[in-house]
Amino acid sequence: MRAFTVHEGLVAPMDRANVDTDAIIPKQFLKSIKRSGFGPNLFDEWRYLDHGEPGMDNGRRPANPDFVLNQPRYRGASILLTRDNFGCGSSREHAPWALEDYGFRALIGTSFADIFFNNCFKNGLLPIRLPAAEVQDLFDQTAATPGYRLKVDLEARVVVRPDGRALAFEVDPFRRECLLNGWDDIGLTLRHADQIRDFEARRRIEQPWLFA
């Protein structure tokens, strides 16, 4: 998992409440359990004018010109502004995989569905909850300012606007430490690899019948 310390990037606004995980990555793309390759089908049903299926050449599909991520001013965005209850619906971990694979590093909104919120942290994506008034102000500024960028500082726990104003956010200390160091669940376990090997070696000596 990629570590997250400080990230500055272009902002894109997803101005819809209750965006569920089937909208983020539709069910037909869940056949793979690899963490990569889902970015081209992020928001597939909104992003393209035809019905998408695995294996299609997305470069040849008709894009929806009205969808926010297809608009030239938001191409290359790595910070997504969201509305209430983003990531609701099924608990598919493919949703943060698709967002991260597309290029997003942080999400900023008023609220996120619980399971989606947890899955983001496990996959290197930082979901940030801010008060409704601050989120609305960011939506307004993004709409009014082409090329609007924000700086997200996880170490300092602030989102810094172009005018220098810092918006403080809360984050669980353990999740923060894991993101800062790039530790997913496997990475946390591998920190104790020497102790695990020592335990296995002792067990072979003390309980050899288990390995017969």
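The charged end of R61 sits over the ring of Y48, 3.8 Å from its centre; sitting over a ring takes NZ of Lys or CZ of Arg within 6 Å of the ring centre and within 35 degrees of the ring normal. R16 does likewise with W46, its charged end 3.8 Å from the ring centre. All this comes from a predicted model, where local features need pLDDT of at least 70, side-chain atom pairs count only at pLDDT 80 or more, and totals for chains, interfaces and linings use all residues. Numbering starts from 1 along each chain as its sequence is written, and side-chain values use heavy atoms, with hydrogens and water left out.

Stay with W46 for a moment. Rings of Phe, Tyr and Trp (its six-membered ring) pair if their centres lie within 6.5 Å, with planes under 30 degrees apart called stacked, over 60 edge-to-face and the rest tilted. That gives 10 aromatic pairs. W46 and F67 make a tilted one, 6.4 Å centre to centre with 50° between the planes.

Elsewhere, F86, F112, F116, F117 and F121 gather into one aromatic cluster. F86 and F116 also turn up among the residues with the most contacts inside the largest nonpolar core, alongside F43, L99 and L126. That core has 54 residues; a core is a set of buried Ala, Val, Leu, Ile, Met, Phe, Trp, Tyr and Cys residues joined through side-chain atoms within 4.5 Å.

How values were computed:
Buried means under 20% relative accessible area, exposed over 50%, partly exposed in between (1.4 Å probe, protein chains only).
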